[in-house]
Amino acid sequence: IFVKALPSATGHTRRMNPILRPATAADYPAVLALNLEAEALMSPMDEPRLAMLDRQSAYHRVVCDGHAVIAFLIALDQTADYDSPNYRWYRQRYPRFLYIDRIAVAASHRARKLGGLLYADLFAFARERGFDSVAAEFYIEPFNEASSRFHARHGFAEVGTQWVADGKKRVSLQIAPVTTQ
(Lines give C-alpha, C1' and ligand atoms only; values in the text may rest on other atoms or scores of the structure.)
Protein backbone atom coordinates (compact mmCIF):
# COMPACT_ATOMS: atom_id res chain seq x y z
CA ILE A 1 0.00 0.00 0.00
CA PHE A 2 1.30 3.45 -0.84
CA VAL A 3 1.87 5.67 2.15
CA LYS A 4 2.38 9.37 1.58
CA ALA A 5 5.64 10.98 2.55
CA LEU A 6 5.87 13.02 5.72
CA PRO A 7 7.63 16.33 6.28
CA SER A 8 10.58 16.02 8.63
CA ALA A 9 11.41 18.42 11.44
CA THR A 10 13.72 20.23 9.02
CA GLY A 11 10.93 20.64 6.46
CA HIS A 12 12.32 18.02 4.09
CA THR A 13 10.05 15.20 3.01
CA ARG A 14 10.82 11.70 4.19
CA ARG A 15 9.21 8.47 3.10
CA MET A 16 7.11 6.90 5.83
CA ASN A 17 7.71 3.19 6.37
CA PRO A 18 4.72 2.12 8.49
CA ILE A 19 5.10 -1.02 10.55
CA LEU A 20 1.93 -2.98 11.29
CA ARG A 21 2.20 -5.32 14.26
CA PRO A 22 0.18 -6.87 17.08
CA ALA A 23 -0.46 -4.49 19.97
CA THR A 24 1.17 -5.10 23.34
CA ALA A 25 0.50 -3.74 26.81
CA ALA A 26 3.44 -1.36 26.27
CA ASP A 27 1.32 0.30 23.54
CA TYR A 28 -1.57 1.10 25.90
CA PRO A 29 -0.55 4.71 26.67
CA ALA A 30 -0.30 5.54 22.94
CA VAL A 31 -3.56 3.72 22.12
CA LEU A 32 -5.34 5.59 24.91
CA ALA A 33 -3.95 8.92 23.66
CA LEU A 34 -5.14 8.16 20.10
CA ASN A 35 -8.56 7.16 21.41
CA LEU A 36 -8.80 10.38 23.40
CA GLU A 37 -7.81 12.42 20.35
CA ALA A 38 -10.70 10.84 18.39
CA GLU A 39 -13.17 10.49 21.28
CA ALA A 40 -15.79 12.72 19.63
CA LEU A 41 -16.18 9.95 17.03
CA MET A 42 -15.99 6.92 19.32
CA SER A 43 -16.68 5.95 22.89
CA PRO A 44 -14.33 6.85 25.75
CA MET A 45 -11.82 4.27 26.92
CA ASP A 46 -9.68 4.07 30.03
CA GLU A 47 -6.86 1.62 30.72
CA PRO A 48 -8.99 -1.08 32.40
CA ARG A 49 -11.43 -1.02 29.45
CA LEU A 50 -8.55 -1.18 26.97
CA ALA A 51 -7.04 -4.14 28.83
CA MET A 52 -10.44 -5.90 28.74
CA LEU A 53 -10.86 -5.18 25.00
CA ASP A 54 -7.32 -6.40 24.35
CA ARG A 55 -8.07 -9.69 26.16
CA GLN A 56 -11.38 -10.11 24.31
CA SER A 57 -10.07 -9.08 20.90
CA ALA A 58 -9.60 -11.39 17.97
CA TYR A 59 -7.52 -8.65 16.32
CA HIS A 60 -5.68 -5.75 17.96
CA ARG A 61 -2.93 -4.23 15.89
CA VAL A 62 -1.05 -0.96 15.79
CA VAL A 63 0.73 0.95 13.05
CA CYS A 64 4.06 2.51 13.98
CA ASP A 65 6.13 5.22 12.35
CA GLY A 66 9.53 4.37 13.75
CA HIS A 67 8.80 3.62 17.41
CA ALA A 68 5.72 5.85 17.63
CA VAL A 69 2.28 4.22 17.58
CA ILE A 70 0.26 6.29 15.11
CA ALA A 71 -2.84 4.13 14.57
CA PHE A 72 -4.67 1.14 15.99
CA LEU A 73 -7.63 -1.12 15.32
CA ILE A 74 -9.45 -3.41 17.75
CA ALA A 75 -11.86 -6.07 16.48
CA LEU A 76 -13.77 -8.77 18.33
CA ASP A 77 -15.45 -11.91 17.06
CA GLN A 78 -18.89 -13.20 18.00
CA THR A 79 -17.57 -15.05 21.07
CA ALA A 80 -16.52 -11.94 23.01
CA ASP A 81 -18.17 -11.07 26.31
CA TYR A 82 -18.69 -7.39 25.50
CA ASP A 83 -21.29 -4.91 26.73
CA SER A 84 -21.38 -2.58 23.70
CA PRO A 85 -24.98 -2.14 22.44
CA ASN A 86 -23.67 -2.09 18.88
CA TYR A 87 -21.71 -5.31 19.33
CA ARG A 88 -24.74 -6.94 20.97
CA TRP A 89 -26.92 -5.86 18.00
CA TYR A 90 -24.68 -7.84 15.64
CA ARG A 91 -24.40 -10.79 18.00
CA GLN A 92 -28.19 -11.14 18.07
CA ARG A 93 -28.37 -11.22 14.26
CA TYR A 94 -25.18 -12.82 12.89
CA PRO A 95 -23.79 -16.22 13.87
CA ARG A 96 -20.17 -15.42 12.95
CA PHE A 97 -18.49 -12.07 12.31
CA LEU A 98 -15.59 -9.77 13.12
CA TYR A 99 -16.72 -6.53 14.76
CA ILE A 100 -14.56 -3.42 14.46
CA ASP A 101 -14.91 -1.86 17.88
CA ARG A 102 -12.65 1.09 17.16
CA ILE A 103 -9.99 2.42 14.85
CA ALA A 104 -8.01 5.62 15.29
CA VAL A 105 -5.25 7.32 13.33
CA ALA A 106 -3.19 10.16 14.80
CA ALA A 107 -4.33 13.55 13.48
CA SER A 108 -0.74 14.16 12.37
CA HIS A 109 -0.89 11.07 10.14
CA ARG A 110 -4.38 11.22 8.64
CA ALA A 111 -4.93 11.15 4.87
CA ARG A 112 -1.98 8.78 4.49
CA LYS A 113 -4.01 5.60 3.89
CA LEU A 114 -3.25 4.12 7.31
CA GLY A 115 -6.94 3.34 7.95
CA GLY A 116 -6.97 1.51 4.63
CA LEU A 117 -3.81 -0.37 5.62
CA LEU A 118 -5.47 -1.54 8.84
CA TYR A 119 -8.70 -2.50 7.05
CA ALA A 120 -6.82 -4.44 4.35
CA ASP A 121 -4.94 -6.33 7.06
CA LEU A 122 -8.15 -6.99 9.02
CA PHE A 123 -9.91 -8.34 5.92
CA ALA A 124 -6.92 -10.60 5.18
CA PHE A 125 -7.08 -11.79 8.81
CA ALA A 126 -10.84 -12.45 8.39
CA ARG A 127 -10.28 -14.40 5.14
CA GLU A 128 -7.55 -16.55 6.70
CA ARG A 129 -9.87 -17.49 9.56
CA GLY A 130 -12.98 -18.14 7.46
CA PHE A 131 -15.14 -15.18 8.49
CA ASP A 132 -17.90 -14.24 6.05
CA SER A 133 -18.42 -10.68 7.24
CA VAL A 134 -16.94 -7.71 9.04
CA ALA A 135 -19.19 -5.43 11.07
CA ALA A 136 -18.70 -1.76 11.89
CA GLU A 137 -20.73 1.31 12.70
CA PHE A 138 -20.40 5.06 12.49
CA TYR A 139 -22.43 8.03 13.66
CA ILE A 140 -25.16 9.29 11.36
CA GLU A 141 -26.54 11.72 13.96
CA PRO A 142 -24.34 13.68 14.16
CA PHE A 143 -23.23 12.63 10.69
CA ASN A 144 -19.66 11.41 10.27
CA GLU A 145 -19.30 11.95 6.53
CA ALA A 146 -15.64 10.90 6.36
CA SER A 147 -16.40 7.56 8.02
CA SER A 148 -19.42 7.04 5.77
CA ARG A 149 -17.28 7.52 2.64
CA PHE A 150 -14.43 5.38 4.06
CA HIS A 151 -16.72 2.45 4.86
CA ALA A 152 -18.46 2.64 1.47
CA ARG A 153 -15.04 2.39 -0.22
CA HIS A 154 -14.38 -0.78 1.76
CA GLY A 155 -17.60 -2.49 0.73
CA PHE A 156 -19.74 -1.81 3.80
CA ALA A 157 -23.52 -1.41 3.52
CA GLU A 158 -26.10 -0.44 6.11
CA VAL A 159 -28.01 -3.30 7.73
CA GLY A 160 -29.66 -1.28 10.51
CA THR A 161 -29.54 1.80 12.72
CA GLN A 162 -29.92 2.44 16.42
CA TRP A 163 -29.76 5.24 18.95
CA VAL A 164 -26.93 5.15 21.50
CA ALA A 165 -25.47 7.41 24.20
CA ASP A 166 -28.83 7.78 25.94
CA GLY A 167 -30.51 8.76 22.70
CA LYS A 168 -28.01 11.50 21.86
CA LYS A 169 -26.34 9.76 18.91
CA ARG A 170 -27.53 7.45 16.15
CA VAL A 171 -25.31 4.90 14.41
CA SER A 172 -25.47 3.23 11.03
CA LEU A 173 -24.79 -0.47 11.56
CA GLN A 174 -22.79 -1.78 8.61
CA ILE A 175 -21.66 -5.14 7.23
CA ALA A 176 -19.04 -5.87 4.56
CA PRO A 177 -18.61 -9.27 2.99
CA VAL A 178 -15.22 -10.91 3.26
CA THR A 179 -14.33 -11.74 -0.32
CA THR A 180 -11.83 -14.35 -1.49
CA GLN A 181 -9.47 -11.76 -3.01
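Trainee: Which residues of helix 1 and helix 2 meet?
Mentor: On the helix 1 side they are Tyr28, Val31 and Leu32, and on the helix 2 side Glu47, Leu50, Ala51 and Asp54. Keep in mind that this is a predicted model.

Trainee: What is that contact made of, by class?
Mentor: The contact of helix 1 with helix 2 has five nonpolar residues, two charged ones and no polar ones.

Trainee: Is arginine 49 buried or partly exposed?
Mentor: Arginine 49 counts as partly exposed, at 24% relative accessibility. The cut-off for buried is under 20%.

Trainee: And where is serine 57?
Mentor: Serine 57 is in the loop between helix 2 and strand 4, which spans 59–65. At 18% relative accessibility, serine 57 counts as buried. Leaving out residues up to four places away in sequence, serine 57 touches Ile74, Ala75 and Leu76. From serine 57 to aspartate 81 is 24 residues in sequence and 9.9 Å in space, C-alpha to C-alpha.

Trainee: Switching to rings. How many aromatic pairs are there?
Mentor: The count comes to eleven aromatic pairs. One of them joins tyrosine 82 and tyrosine 87: the ring centres are 5.7 Å apart and the planes are at 55 degrees, so this pair is tilted.

Trainee: Why tilted?
Mentor: Because planes under 30 degrees apart count as stacked, over 60 as edge-to-face and the rest as tilted. The 55 degrees between tyrosine 82 and tyrosine 87 puts them in the tilted class.

Trainee: Are those two tyrosines buried or exposed?
Mentor: Tyrosine 82 is buried at 6% relative accessibility, and tyrosine 87 is buried with a relative accessible area of 0%.

Trainee: Which pair is edge-to-face?
Mentor: Phenylalanine 123 and phenylalanine 156 form such a pair, 6.0 Å centre to centre with 80 degrees between the planes.

Trainee: Where do phenylalanine 123 and phenylalanine 156 lie?
Mentor: Phenylalanine 123 lies in helix 4 (residues 114–128), while phenylalanine 156 lies in the loop between helix 5 (145–153) and strand 8 (157–164). The pair therefore ties together parts that are 33 residues apart in sequence. Phenylalanine 123 is buried at 9% relative accessible area, and phenylalanine 156 is buried at 7%.

Trainee: Which residues form the aromatic cluster?
Mentor: Tyr82, Tyr87, Trp89, Tyr90, Tyr94, Phe97 and Tyr99 form one cluster.

Trainee: What lies over the face of phenylalanine 131?
Mentor: Arginine 96 does, at 4.0 Å from the ring centre.

Trainee: What about phenylalanine 72, what is it in contact with?
Mentor: Leaving aside neighbours within four places in sequence, phenylalanine 72 is in contact with a list of residues that includes Val31, Leu34, Met45, His60, Val62, Ile103 and Leu118. Phenylalanine 72 lies in strand 5, residues 68–77, and counts as buried at 0% relative accessibility.

Trainee: New topic, the backbone. Where is the cis peptide bond?
Mentor: The cis bond joins glutamate 141 and proline 142, with omega about -5 degrees. Proline 142 is in the loop between strand 7 (133–141) and helix 5. Most peptide bonds are trans.

Trainee: Which residue other than glycine has a positive phi?
Mentor: Alanine 165 is one of them, with phi near 55 degrees. Aspartate 166 also has phi near 55 degrees. Most residues other than glycine have a negative phi.

Trainee: Where is alanine 165 found?
Mentor: Alanine 165 is in the loop between strand 8 and strand 9 (169–177), and aspartate 166 is also in the loop between those strands.

Trainee: Is aspartate 166 buried or exposed?
Mentor: Aspartate 166 is exposed, with a relative accessible area of 78%. Alanine 165 is partly exposed, at 39%.

Note on methods. Residues numbered from 1 in each chain as written. Predicted model: local features only at pLDDT ≥ 70, side-chain atom pairs only at ≥ 80, totals over all residues. Heavy atoms only, no water. Phe/Tyr/Trp six-rings, centres within 6.5 Å; stacked < 30°, edge-to-face > 60°. Buried < 20%, exposed > 50% of the residue type's maximum accessible area, 1.4 Å probe, protein only. Helix = DSSP H or I, 4+ residues; strand = E, 2+ residues; numbered from the N terminus. Lys NZ or Arg CZ within 6 Å of the ring centre and 35° of its normal. Contact = heavy atoms within 4.5 Å. Nonpolar A, V, L, I, M, F, W, Y, C, P; charged D, E, K, R; others polar.
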